[in-house]
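Thanks for coming. I will go through a few places in one structure, and I will define terms as they come up.

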Amino acid sequence: MAATPALLSGSAPVSFGVNEVLPSDAWMPEPDRIVDAIADLGYRGTELGPPGFLGDGREVRERLGRRGLELIGSFLPMHFSRQERFDDERAWLTNSLRIIREASGLEHPFAILSDGFDEPERMKYAGRIDEHPEAWLSSERFDTLMDNLHRAGEICRAAGFEPVLHHHAATYVETADEIRRVLDRMDGSLIALCLDTGHARFGGADPDRKSTRLNSSHRT
């Protein structure tokens, strides 16, 4: 009987105060302090953090390699329902994937896609979106979100990545109904779901209750 592979754990700069929304924050910790802390806690891998925070591809590989860490992927928020912003963000995504590819030794690192979480109305009502239909996406903008999510998945797969969608607080994919709505339209051959029980609970779902489980037919 073959031995079961060891389960290795990873972390992320965001867990140590590295803000992906405000990467130029004056209080941002130094990158070497972050990777030292991740390694000292016994983790074997890390996400990238804001693209550029740990350096370019070569710098990231060397910085992590000196500490026995491996780059496993990156969190990549985009404004999927805003066509005028997504068009510009496609170039940003392509450049970010290049940095990750140069820095990671994995054959298929993760591209952790998320809807943008800086929409004022969603930030205002985060955690209670169900009570505010004025903050819900229209059918037209939902179609735009899905089209652009699939386009981002295609870009990631063409670059050799495994793209997953991380439903996130204060985005247009926060509540259980919104997550199900996306899953019902999501092409599983392009993108999978990164299930986060903490964000699901914040959005009003109860991960412990069978009645609020998300559609399990989709890859996670």
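Contact here means heavy atoms within 4.5 Å. Helices (H or I, at least four residues) and strands (E, at least two) are DSSP runs, numbered from the N terminus. What we have is a predicted model, in which local features need pLDDT of at least 70 and side-chain atom pairs count only at pLDDT 80 or more, while totals for chains, interfaces and linings use all residues. Residues are numbered from 1 along each chain as its sequence is written, and side-chain values use heavy atoms, with hydrogens and water left out.

One more term: buried means under 20% relative accessible area, exposed means over 50%, and partly exposed is in between, with a 1.4 Å probe and protein chains only.

Start with helix α1, residues 31-40. Its residues Pro-31, Ile-34, Val-35 and Ile-38 are buried. They sit on the same side of α1, because they cover an arc of only 90° around the axis; that arc is taken from the directions from the helix axis to the C-beta atoms. An α-helix has 3.6 residues a turn, so residues three or four places apart point the same way. On the other side of α1, Arg-33 and Asp-40 are exposed. What do the buried residues of α1 pack against? They pack against β1 (10-11), β2 (45-47) and α2 (57-65). Just after α1 comes Gly-42, with a positive phi of about 90°.

Ser-11 belongs to strand β1. With a relative accessible area of 12%, Ser-11 is buried. Leaving out residues up to four places away in sequence, Ser-11 touches residues including Ile-38, Tyr-43 and Gly-45.

Next, helix α3, residues 83-103. The expected span of a helix is 1.5 Å times one less than its number of residues. For the 21 residues of α3 that should give 30 Å, and the end C-alpha atoms are 30 Å apart, which agrees. Where does α3 bend? It bends by about 30° at Glu-89, the bend being the angle between axes fitted to the seven residues ending there and the seven starting there. Glu-89 is also among the buried residues of α3, along with others including Phe-86, Leu-93 and Ile-100. The cover over those buried residues includes α2, β3 (70-78), β4 (110-115) and α5 (139-158).

Last, Leu-165, in strand β5 (residues 162-166). Leu-165 is buried, at a relative accessible area of 3%. Leu-193 is 28 residues from Leu-165 in sequence, but the two are 4.9 Å apart in space, C-alpha to C-alpha.
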